[in-house]
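Student: I would like to learn how to read a few features of this model with you. Could we go through them one at a time?

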Amino acid sequence: MRAVAILTAAGSGTRLGHALPKALVPLAGIPLVVRAAHALTSSGIVRRIVVTAPPEALDDVVAALGAAPGAVPGLEVVPGGTTRQASVAAALARLADEPDDAVVLVHDAARPLVPVRVVRRVAGTVAMGRDAVVPALPVADTIKQVGPDGAVVRTLERPALRAVQTPQGFTLGALRSAHAAASHRADDEALAATDDAGLVEAAGGQVWVVEGHEDAMKITTPRDLVVATALVSALVGPSVAVPAAAPTAAGVGEP
Ligand SMILES: Nc1ccn([C@@H]2O[C@H](COP(=O)(O)OP(=O)(O)OP(=O)(O)O)[C@@H](O)[C@H]2O)c(=O)n1
Ligand SMILES: C[C@](O)(CO)[C@H](O)COP(=O)(O)O
């Protein structure tokens, strides 16, 4: 089973507050987008990746990916949009030559440490016949719905709650339909979807959950970066980088 992937990396990282766009921020010396691309290719099932980059940092993202040890074959970089939804739509446009029954993974550069078994689990479940699949974990906290005035509306039923991660997997046809149905809200920060499965739900489709992993944590704040740095040390040792391979001049931008 082979999949194509969209790697969202066009966010600015406002909450991280780093001088660099978030995708280029180093995690133990390696930019988040490079680690995330490597996580996808290490699965052995991803044959093509379209990366969304901040338009003003597109060349820097291309350079980071092209110069990276273990440079990714079949990798293209496109300018992202003003929201994550718009960025995914831009990447989908680049995948216009792919068939509707292709398996597509949508992954956040902000989740650079996703284990390969999660990537394979999501893609494999799509390949087995589910149109939309998300990795998720049970929540540890009690979650309350709160009104705009700060008053608790109700306590949600925790056993039924899941914290959803990426990569999210789809048949390309299902993802295309979901984005087409919601294209009118792609550029509106307040209305755009925060994940792709949400668009499938809104379009009346069924989304399925598989087991995620704590290592697929999202780097959102400076504290997350500290935690992820410690995680890298714990997982591979402080001085171990991604495996080396000779980068090629055409390694980025050519399928
Ligand atoms: N216009 C956007 C916004 C986000 N993303 C990507 O979507 C993922 C999830 O977004 P998030 O972690 O919230 O990143 P930022 O939008 O950069 O964060 P912030 O909201 O703090 O600015 C990230 O990999 C980010 O690069 C994107 O491709 N295009
Ligand atoms: C897609 C996502 O990572 C799933 O948890 C999340 O929804 C991204 O949200 P953000 O608002 O872009 O941080």
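Student: Which residue of strand 12 does Pro 135 stand opposite?

Tutor: Pro 135 stands opposite Val 210 in strand 12. Before we go on, note that this is a predicted model, in which local features need pLDDT of at least 70 and side-chain atom pairs count only at pLDDT 80 or more, while totals for chains, interfaces and linings use all residues. Residues are numbered from 1 along each chain as its sequence is written, and chains are lettered from A and ligands numbered from 1 in the order in which they are written.

Student: What counts as a strand here, and when do two strands pair?

Tutor: Strands (E, at least two residues) and helices (H or I, at least four) are DSSP runs, numbered from the N terminus. Two strands pair if DSSP finds at least two bridges between them. Here, strand 7 (residues 132-138) runs parallel to strand 12 (residues 208-211), joined by four bridges.

Student: How many bridges join strand 7 to strand 10, and how many join strand 7 to strand 11?

Tutor: Three bridges link strand 7 with strand 10 (residues 162-164), and the two run antiparallel. In that pairing Ala 136 has Val 164 as its bridge partner. Strand 11 (residues 168-171) is also antiparallel to strand 7, with two bridges, and there Val 133 is partnered by Gly 169.

Student: Where is Pro 167, and is the peptide bond from Thr 166 to Pro 167 cis or trans?

Tutor: Pro 167 sits in the loop between strand 10 and strand 11. The bond from Thr 166 to Pro 167 is cis, with omega near 10 degrees. Another backbone detail is Ala 28, a residue other than glycine with a positive phi, near 50 degrees. Ala 28 lies in the loop between strand 2 (26-27) and strand 3 (30-31).

Student: How are two packed helices described?

Tutor: They are described by the angle between their axes and the distance between the axes. The axes are lines fitted to C-alpha atoms, for helices over the stretch in contact, and angles run from 0 to 180 degrees between N-to-C directions. Helix 1 (residues 32-42) and helix 2 (residues 58-67) pack at about 50 degrees, with their axes 9 Å apart. That angle makes helix 1 oblique to helix 2; under 35 degrees counts as roughly parallel, over 145 as roughly antiparallel, 65 to 115 as roughly perpendicular and the rest as oblique.

Student: Which residues make the contact of helix 1 with helix 2?

Tutor: Val 33, Val 34 and Ala 37 of helix 1 meet Val 61, Ala 64 and Leu 65 of helix 2, where contact means C-beta atoms, placed from the backbone, within 7 Å. The contact has six nonpolar residues, no polar and no charged. For these classes, Ala, Val, Leu, Ile, Met, Phe, Trp, Tyr, Cys and Pro are nonpolar, Asp, Glu, Lys and Arg charged, and the others, Gly among them, polar.

Student: At what angle do helix 3 and helix 5 cross?

Tutor: Helix 3 (residues 84-94) and helix 5 (residues 172-181) cross at roughly 130 degrees, their axes coming within 11 Å. Val 88, Ala 89 and Leu 92 in helix 3 meet Leu 175, Arg 176 and His 179 in helix 5. This contact has four nonpolar, one polar and one charged residues.

Student: Which residues are around ligand 2?

Tutor: A residue is near a molecule if its C-beta atom, placed from the backbone, lies within 6 Å of it. Around ligand 2 these are Arg 84, Asp 108, Val 164, Gln 165, Thr 166, Thr 194, Asp 195 and Lys 218.

Note on methods. Two residues are in contact if their C-beta atoms, placed from the backbone, lie within 7 Å.
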